[in-house]
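Here is a short briefing on one structure. The points below are grouped by topic.

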Amino acid sequence: MITSADETLLRRAIGIAAAAVALGDAPYGSLLAGPDGTILAEAHNTVRRDDDITAHPELKLARWAARELDPDTAARTTMYTSCQPCTMCAGAVVRSGLGRVVHALSTEQLVELNPQSGDWPTVAQDGPALFDEARIPIDAYRRPN
Ligand SMILES: [Zn+2]
């Protein structure tokens with residue numbers, strides 16, 4: 001359930017997205033808030049500026065949280081983001097241990113507004129293969145001296 005306090009922080013994330021456009025960056029913004037609503041970190045999309053396909057704000061904040069917060073604190077944070085995280089960012093958010101994500105636009109709504117944003121390529125994946133060889137580094141890691 002999205003509360004009015006959530007909407008206040010969500011509006012700030014939308015404001016970060018709007019500011020990103022003014023800077024010439026893509027229109028996506030996010031922030032990470034503690035349990036009392038204190039803003040811990042903010043980020044916007046810098047894919048073009050940094051020439052980095054992974055420079056999405058949600059991924060940047062997930063990496064920041066994993067590096068800077070202890071797991072208990074991370075679990076009590078909420079990410080507010082102007083658009084629903086893409087699959088890359090969603091994976092990072094899960095790995096970073098954040099407690100909750102609140103988004104404004106859903107992916108479907110974003111694609112409706114900007115069809116190009118839904119133009120995600122797919123990649124062929126073949127496997128599994130070479131199990132006996134590929135397991136060697138895994139076994140070595142699991143059973144250090
Ligand atoms: Zn993303």
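**Briefing: salt bridges, zinc site and strand pairing**

Six salt bridges turn up in a search of the whole structure; a salt bridge is a side-chain nitrogen of Lys or Arg within 4 Å of a carboxyl oxygen of Asp or Glu. The model is predicted: local features need pLDDT of at least 70, side-chain atom pairs count only at pLDDT 80 or more, and totals for chains, interfaces and linings use all residues. Residues are numbered from 1 along each chain as its sequence is written, and side-chain values use heavy atoms, with hydrogens and water left out.

Buried means under 20% relative accessible area, exposed over 50%, and partly exposed in between (1.4 Å probe, protein chains only). Helices (H or I, at least four residues) and strands (E, at least two) are DSSP runs, numbered from the N terminus.

**Salt bridges**

- Arg100 pairs with Asp6, with 2.8 Å between the closest N and O atoms. This pair links distant parts of the chain, 94 residues apart: Arg100 sits in strand 4 (residues 100–105) and Asp6 in helix 1 (residues 4–22).
- Arg100 is partly exposed at 30% relative accessible area, whereas Asp6 is buried at 4%.
- Asp25 and Arg49 form a salt bridge at 2.5 Å, N to O. Asp25 lies in the loop between helix 1 and strand 1, and Arg49 in helix 2, 24 residues apart.
- Asp25 is buried at 6% relative accessibility; Arg49 is partly exposed at 48%.
- Glu68 and Arg67 also meet in a salt bridge, at 3.5 Å, N to O.

**Zinc site**

- His56 (ND1), Cys86 (SG) and Cys89 (SG) are the protein donors of the zinc ion, at 2.1 to 2.3 Å. Donors are N, O and S atoms within 2.8 Å of the metal (3.2 Å for Na, K and Ca); water is not among the atoms, so sites may look incomplete.
- The donor spacing in sequence is H-x29-C-x2-C.
- His56 lies in the loop between helix 2 (47–50) and helix 3 (57–68), and Cys89 in helix 5 (residues 87–96), so the pair ties together parts 33 residues apart in sequence.
- His56 and Cys89 are both buried.

**Strand 1 and its partners**

- Five of the five residues of strand 1 (residues 29–33) are buried. Gly29, Leu31 and Ala33 point one way, Ser30 and Leu32 the other.
- Strand 1 pairs antiparallel with strand 2 (residues 39–44) over five bridges; pairing requires at least two DSSP bridges between the strands. Gly29 has His44 as its bridge partner.
- Strand 1 also pairs antiparallel with strand 3 (residues 78–83), over four bridges. Ser30 stands opposite Thr81 there.
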